[in-house]
Amino acid sequence: MSSDTKVAKQKTTSKPGFRVSRTTYPTIAAVVLLVILLVGGQLIYGKIFAWNTFSSLLHNNAYLVILAVGMTFAILTGGIDLSVGAVLAFASVSGVLLLQAGVPWPLAAVSIVLIGTLFGLLSGMLITYFNVQPFIATLSSMFLARGLASILSTEPVRVPKESPMLDLASKIMLIDGPKKNDLTISINILIALAVVIIAFFLLHNTRFGRTVYGLGGSEQSTELMGLPANKTKILVYLVSGTCAGLAGLVYTTTVGNAQNITGVGWELDAIAAVIIGGTLLTGGAGYVLGSVAGVFVLGVLKLLITRDGNVPAAATTIITGAILLVFVLLQRAISLTGGERGSEAAASEIEKEQEKAPALS
Amino acid sequence: MKKLLRNQLFWASLVLIVLVAVVLLNNQSASIGFSNGKLTGPIIDLFIFVPPILMIAVGMTLVIATSGIDLSVGSVMAVAGAVSMQFLVNSANPDTPGAALIAVLLALVVGLACGMFSGFLVSVIKLQPFITTLIMMLAGRGIANMITGGKNAAGNSPAFNWISQGRVLGFPVGFLLALAILLIVVLLVRKTALGMSIEAVGINPRAAEMAGIRSGRILFMVYALSGLLAAVAGVFSVAYIGTVEVSSSGTGSGMEMDAILAVVIGGTSLAGGKFNLAGTTLGAFIITALNQVVVYLGVSSAAVPAFKALVIIFICILQSDRIHGWFSRPDLGQSDDKKSADSDKAKVVAA
């Protein structure tokens, strides 16, 4: 361990002019991996750098981008939100049932989003007022949402074909390429983009954002500084829940139906994307844009595996796991080299206090 | 009386009694019957279905006591089940006790290996348990798929299935085996220093290290044991239905959540440092009873999660300081807390 830190220290001192923060490295690594996957895919399978490939990547991953953005908030505070997949399912099933009952579509769309917000509120209340750990609080929200979705319907419910809500997913031509090589976007993609921009602004330009990072660094210090720790925590889970609701809206309009088992395991996909994107699971450091890169790493990976055709589908999860492992190891190496000095300082402080202690007594 | 109200096991037992009562009231057959040399009835059903969850919950308790978490148990169950079933499918004579024994041993070895892998990452590389076992959870499901070639392998071995379906004197074998394993684990952690070491690591790994406990070794051992017990659970559950289902909603899916729930209901704090295997056993029974209650009440089994959620939320709120404050006068409650904390310290010192 000590030799490792020495090597790392030499590395850092050998680059005196390099001012990128150490915690940015995993995010850079994610972007590099994304580029490698894209370029490698292009070289091996071809047709990666094509408008229609990019379009389908955007269409297929818009919902996961939104989920990952919400998850980034939760993880930045050192928490977690396991409920997003289940909340998405419940929100979209109930929204579609409302549509079928003849409720006007804007109302149904808003209710899908607000159901997400409500579940975020539930988790947030449990966490802040009853001191339940985020893991358990969001786990219970997950069970609750999944169960409620199943009570509503265990069959897939279809969005009525003539419903204007489906227009959210209809493709808008941007660049009309030769044959079917078009760059298309949809309102859903614009929603995802807006979510990313708003999240970026919130995290990097507002007091709320600074408090989020502060909570992840040290909750106690944040409170001592007079920042509204509890309020911020509730807001974070509200954001995460709302994102889950929005992702539900986006996904439902994309596939045209909703089911109680939609989104099983998507919370793990979102967590994986956030971790690959360079956000520390312990909180306090990370980037929302990194999470977006993480989503696309996973998306491109799936794309390449289907292009290859020889890799069994089961191997996808193994490969995802392996990539996740590599990134966590990378983060570990970085926090080891960066954190060692901190812990050394803490240790020497403890020693000082121990020296003081006999004098006091 | 106040002490009783503050005791988490008291509340948990009450919940279990209510659940069992609901089952008995809604079930026409005798609560414990006897037919064809088998004990039957809703209470015996409880003993048939509890072993898998009990096994993983015991492993989970020890992991949580070190302030970790093991999300991979469900996937490890699937991997272990897949290995044993695939072995039986390929063996020439699956019904011999020898083949069944080898299948079980293979499952245990593979489960142990999975646990050791997580344990290595947590104790040596010092990764966070949550993410380490999340990786194992993701990869495990894929590995189970690869082992059986994506099919649900059916072992066709009555000898193997006896582990879970068989009866001794009319009583389910699976539960007796689970009970024996539980006793071994309890003796291991309570009659040796292992339990105290686990708690010490859970409270403060650094301090434990200074006190001469090899934190790394303890962590490694705990995750390895959790993997091994998950493999036992995997054997129990594939032996009960005779096949392994490798899909993401198949063998062991969602079991990690049930196990965590059982542990939390049993009063072990997720913050680590203290554990209560008796509570976990009670928790495992509650989860099993909960699944049954919903069936007897005629609610679709898909709605089970909502009931579980309400139970967790109820228990979490009961356990929170805010509610404890309502039960007792604030000043009294605080002094009680201090007292119990002091006596805990004294226990640790004495041990």
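**Close-up views of a predicted two-chain model**

View 1. Among contacts in chain A (heavy atoms within 4.5 Å) between residues at least 6 apart in sequence, 75% join residues at least 24 apart. This is a predicted model, in which local features need pLDDT of at least 70 and side-chain atom pairs count only at pLDDT 80 or more, whereas totals for chains, interfaces and linings use all residues. Residues are numbered from 1 along each chain as its sequence is written, chains are lettered from A and ligands numbered from 1 in the order in which they are written, and side-chain values use heavy atoms, with hydrogens and water left out. Chain A has 13 helices and 4 strands; helices (H or I, at least four residues) and strands (E, at least two) are DSSP runs, numbered from the N terminus. Of its 361 residues, 53% count as buried. Buried means under 20% relative accessible area, exposed over 50%, and partly exposed in between (1.4 Å probe, protein chains only).

**View 2. The interface of chain A and chain B.** In this interface, 40 residues of chain A are in contact with 40 residues of chain B. The buried area, that is, the accessible area (1.4 Å probe) that two parts lose on being put together, summed over both, is about 3500 Å², and carbon and sulfur atoms give 84% of this value. On the chain A side, Phe130(A), Phe135(A) and Phe143(A) lose the most area to chain B, together 17% of what that side buries. The interface holds 0 salt bridges, a salt bridge being a side-chain nitrogen of Lys or Arg within 4 Å of a carboxyl oxygen of Asp or Glu.

**View 3. The largest nonpolar core and Ile136(A).** A nonpolar core is a set of buried Ala, Val, Leu, Ile, Met, Phe, Trp, Tyr and Cys residues joined through side-chain atoms within 4.5 Å. The largest has 204 residues, of which Leu67(A), Ile136(A), Ile271(A), Phe130(B) and Phe160(B) touch the most other members. Helix α3 (residues 42-65) of chain B gives the most to this core, with 16 residues. Neighbours within four places in sequence aside, Ile136(A) is in contact with Ile260(B), Val264(B), Leu270(B), Ile312(B) and Cys316(B).

**View 4. The salt bridges.** Over all chains, the count comes to 2 salt bridges. In one, Lys233(A) pairs with Glu219(A), with the closest N and O atoms 3.1 Å apart. Lys233(A) lies in helix α10 (residues 229-255) and Glu219(A) in helix α9 (residues 219-224) of chain A, 14 residues apart. Lys233(A) is buried because its relative accessible area is 14%, whereas Glu219(A), at 33%, is partly exposed. In chain B, Arg190(B) forms a salt bridge with Glu199(B), and the closest N and O atoms are 3.6 Å apart. Here Arg190(B) is partly exposed, at 44%, and Glu199(B) is buried, at 15%.

**View 5. Surroundings of Ala154(B).** Ala154(B) is found in the loop between α6 (129-148) and α7 (158-165) of chain B. With a relative accessible area of 33%, Ala154(B) is partly exposed. Not counting residues up to four places away in sequence, Ala154(B) touches Met85(B), Val89(B), Gly242(B) and Thr243(B).
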